[in-house]
Amino acid sequence: MLLKNYKTTFLQELSSLYEEQEIDSFFYIILEKLHGLKRIDLALNPQTVMDGAHLKQWKNIVSELKKQRPVQYILGETEFYGLRFLVNENTLIPRPETEELVELIIESTNYELRNTKLKVLDIGTGSGCIAISLAKHLATSEVFAIDVSEEALATAKKNAELNKVAIDFISTNILDVVNLSAVAGLDKQFDIIVSNPPYVRNLEKDQIKPNVLEYEPHLALFVDDIDPLLFYRKIAELAIKNLNPNGKLYFEINQYLGKETIKLLEDFGFRNVELKKDIYGNDRMISCEK
C-alpha cells in the first residue's frame, strides 16, 4: 500500500475522536518514527510503499489512539525544544507552553552570564525536559533537578544520557523541605530556580481532555481546590532563602491564577514580578528576582 493512500484510511479511522489537524499531526509524528520520513519526504516521494510489517505497526498504533492514549506514550518519546525525550505514564508529556518557559529563561539570561557557571535548580523535573534543555543551552551551568517520583527520575536520568548532559538528580518531596541547602546533594545557593509544579485544580478537571485525564500522572497535574498555590508558596519560601542576590525565579502557572500568584510572590518580597502570556494568549509564565 502507498503511504499517501494510507493517510486517508488513517484520517477516516480517527475522525470521530480527533480534529483533522490533530490527526494530521499524529500521522507525521508516526511517519517519522516508523519510517524516518518527514512531511516533505512524502511529498517529494509520493510512491513510497508501506510493507506488511509497517502496516501492522500502524494498525496497532491506531488501535491505541482509539483508546485516546497519547501518541507520545504510544511511541515512547517526544520532541521538546529541539531535543528528543523518552516519556511514559510516569512523566507528563512536555508541552509547547513549557518550551516558552525555557525560551524565556534562556533569553533573560544575559549573554555574559551564559558563559559563567550558573547554578540552576528545576523543581518537579518530571521527564527532565526543562533541566536538560537549560543544561544544553546554558552549557557552562551546573544544573540540579528534584522530583518526588522515583519513576519519573529514572526516565529523566535516561533523557540526560540521551541528550549528553550532566544533571544532578535528587529524589525528595519539596513540600517537606525547610531549606534547600539541607537537602543531600544540592548546592546551597542558586542563580536560577524554575518550576512547573502541579497547578490544575480539581474543579478544572472537566476542561481536561480524556487523553490527559486518563493517562498522564495526576501527581504531577492536580492540586487541591482549597489551596491551589500550595507548591508556589513553598517554592517561593525556599527561593527567597536559597537564591543568590538578583537570582531569578521562574514558574509555569495556572492561567486562571495569575494575579494571585503575582501577589504571593510580591508578599514574599520578590521584585520585578512579570506575568507573561503563552502562544494561546493565556497567562502562563511568571518571572521575578530576589
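**Entry 1: what I call a helix or a strand.** Helices in these notes are DSSP runs of H or I with at least four residues, strands are runs of E with at least two, and both are numbered from the N terminus. I'm looking at a predicted model.

**Entry 2: H35.** I started with H35 and found it in helix α2, which covers residues 20–35. What does the side chain of H35 join in a polar contact? I got W58, with a polar contact of 2.9 Å between the two side chains. I then listed what H35 touches, leaving out residues up to four places away in sequence: L3, I30, M50, H54 and, again, W58.

Entry 3: Next I went to β1 (77–80) and β2 (83–86). They run antiparallel, joined by four bridges. One pairing I noted is E77 with its bridge partner L86 in β2.

As a reminder to myself, most residues other than glycine have a negative phi. Is Y81 buried or exposed? I have it as buried, because its relative accessible area is 19% and the cut-off for buried is under 20%.

**Entry 4: the open sheet.** I traced seven strands in an open sheet with mixed pairing, in the order β5-β4-β3-β6-β9-β11-β10. Which strands stand at the edges? They are β5 (167–171) and β10 (271–277); each has a single partner strand, so one side of each is left without a neighbour in the sheet. Neighbouring strands here are turned by 15° against each other on average, ignoring direction.

**Entry 5: β10 and β11.** β10 pairs with β11 in the antiparallel sense, over five bridges, and E274 has S287 of β11 as its bridge partner. The two strands form a hairpin with five residues between them, and G281 in the turn has a positive phi of about 85°.

N272 also has a positive phi, about 50°, and is not a glycine. I placed N272 in strand β10. I call N272 partly exposed because its relative accessible area is 44%.

Entry 6: How many bridges pair β9 (243–252) with β11 (283–289)? I count five, in the antiparallel sense. E252 has M285 in β11 as its bridge partner. Helix α6 (96–108) lies across β6 (190–195), β9, β10 and β11, and runs at about 160° to β9. Helix α12 (230–242) packs on the sheet as well, touching β3 (119–123), β6 and β9, with its direction at about 160° to that of β9.

**Entry 7: α12 up close.** I checked the length of α12: at 1.5 Å a residue its 13 residues should span 18 Å, and its end C-alpha atoms are 18 Å apart, which agrees. The buried residues of α12 include F231, Y232, I235 and L238, and also K234 and N242. I looked at what the buried residues of α12 pack against and wrote down β3, β6, β8, β9 and α13.

**Entry 8: the cores.** The largest nonpolar core has 38 residues, and L180, I193, L249 and L265 have the most contacts inside it. At least two residues of this core come from each of β3, β4 (142–147), β6, β8 (222–223), α12, β9, α13 (258–267) and β11. Which of these elements gives the most to the core? It is α12, with six residues. Apart from this core I found another, of 30 residues, including L118, V120, V194 and M285.

I went back to I193 and left aside its neighbours within four places in sequence. I193 is in contact with L121, I123, L180, I235, A239, L243, K248, L249 and Y250.

**Entry 9: α8.** My last stop was helix α8 (129–137). Seven of its nine residues are buried, so α8 is largely enclosed by the rest of the structure. I listed the buried ones as C129, I130, A131, I132, S133, L134 and A135.

Notes:
Residues numbered from 1 in each chain as written. Predicted model: local features only at pLDDT ≥ 70, side-chain atom pairs only at ≥ 80, totals over all residues. Heavy atoms only, no water. Pairing = 2+ DSSP bridges. Axes fitted to C-alpha atoms, helices over the stretch in contact; angles between N-to-C directions. Contact = heavy atoms within 4.5 Å. Core = buried A, V, L, I, M, F, W, Y, C linked by side-chain atoms within 4.5 Å. Buried < 20%, exposed > 50% of the residue type's maximum accessible area, 1.4 Å probe, protein only. Polar contact = N/O pair within 3.5 Å; in protein donor to acceptor, adjacent residues only side chain to side chain. Expected span 1.5 Å × (residues − 1).
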